[in-house]
Amino acid sequence: MNKLEDKNKDIVIPIYASNGDAEVFLKYPYLFNRLGEWVGWVTPEYEVYSVLGVYVGYFSKDQRILSKRRLLGTKPRLMPPPYPPKFRPPAYAPLAPLFYELLIGTTDVLLEEPERLHTIDSGDLKPDLE
């Protein structure tokens with residue numbers, strides 16, 4: 001994933017689901033959905049976290065966000081980075097690369113569990129207002 005290591009933080013990298021759709025965009029370290037809303041962030045170790053700091057998965061070499069099944073709750077929550085500046089997603093994304101076959105027990109987060117990357121104002125793990 002040499003694109004992620006690029007020193008230029010202004011580069012926008014499309015992140016694909018296994019069906020070939022660009023579902024989120026990476027402007028390091030932030031992840032944005034197709035509407036430009038902040039949905040997560042990335043660590044230097046290629047781990048993906050939601051806006052609430054909950055571990056979601058990891059980047060594969062073919063630009064997908066993958067997760068092991070039954071991995072929920074195994075990593076501690078991390079403090080998210082500061083709220084990102086406004087982001088305008090690109091109008092189009094290049095065609096998706098050819099993807100490797102997923103191993104047994106691995107899921108494509110953007111295809112099978114997209115709700116794990118939600119916006120700051122929604123999500124099951126957000127504390128209730130009482």
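How many residues lie between β5 and β6 in their hairpin, and which residue in the turn has a positive phi? Four residues lie between the two strands, and Gly-53 in the turn has a positive phi of about 90°.

The model is predicted, so local features need pLDDT of at least 70 and side-chain atom pairs count only at pLDDT 80 or more, while totals for chains, interfaces and linings use all residues. Residues are numbered from 1 along each chain as its sequence is written, and side-chain values use heavy atoms, with hydrogens and water left out.

Strands, like helices, are DSSP runs numbered from the N terminus (strands: E, at least two residues; helices: H or I, at least four). Two strands pair if DSSP finds at least two bridges between them. Strand β6 pairs in the antiparallel sense with β5 and also with β7. Both pairings are hairpins, as listed here.

| Hairpin | Residues between the strands | Turn residue with positive phi |
|---|---|---|
| β5 and β6 | four residues | Gly-53, about 90° |
| β6 and β7 | five residues | Gln-63, about 65° |

The pairing of β5 (residues 47–50) with β6 runs over three bridges, and Val-48 has Gly-57 of β6 as its bridge partner. The pairing of β6 with β7 (residues 65–68) runs over two bridges; here Phe-59 stands opposite Ile-65 in β7.

Buried means under 20% relative accessible area, exposed over 50%, and partly exposed in between (1.4 Å probe, protein chains only). Because four of the five residues of β6 (residues 55–59) are buried, this strand is largely enclosed by the rest of the structure.

Leu-98 lies in the loop between β7 and β8 (106–108). Leu-98 is exposed, with a relative accessible area of 83%.
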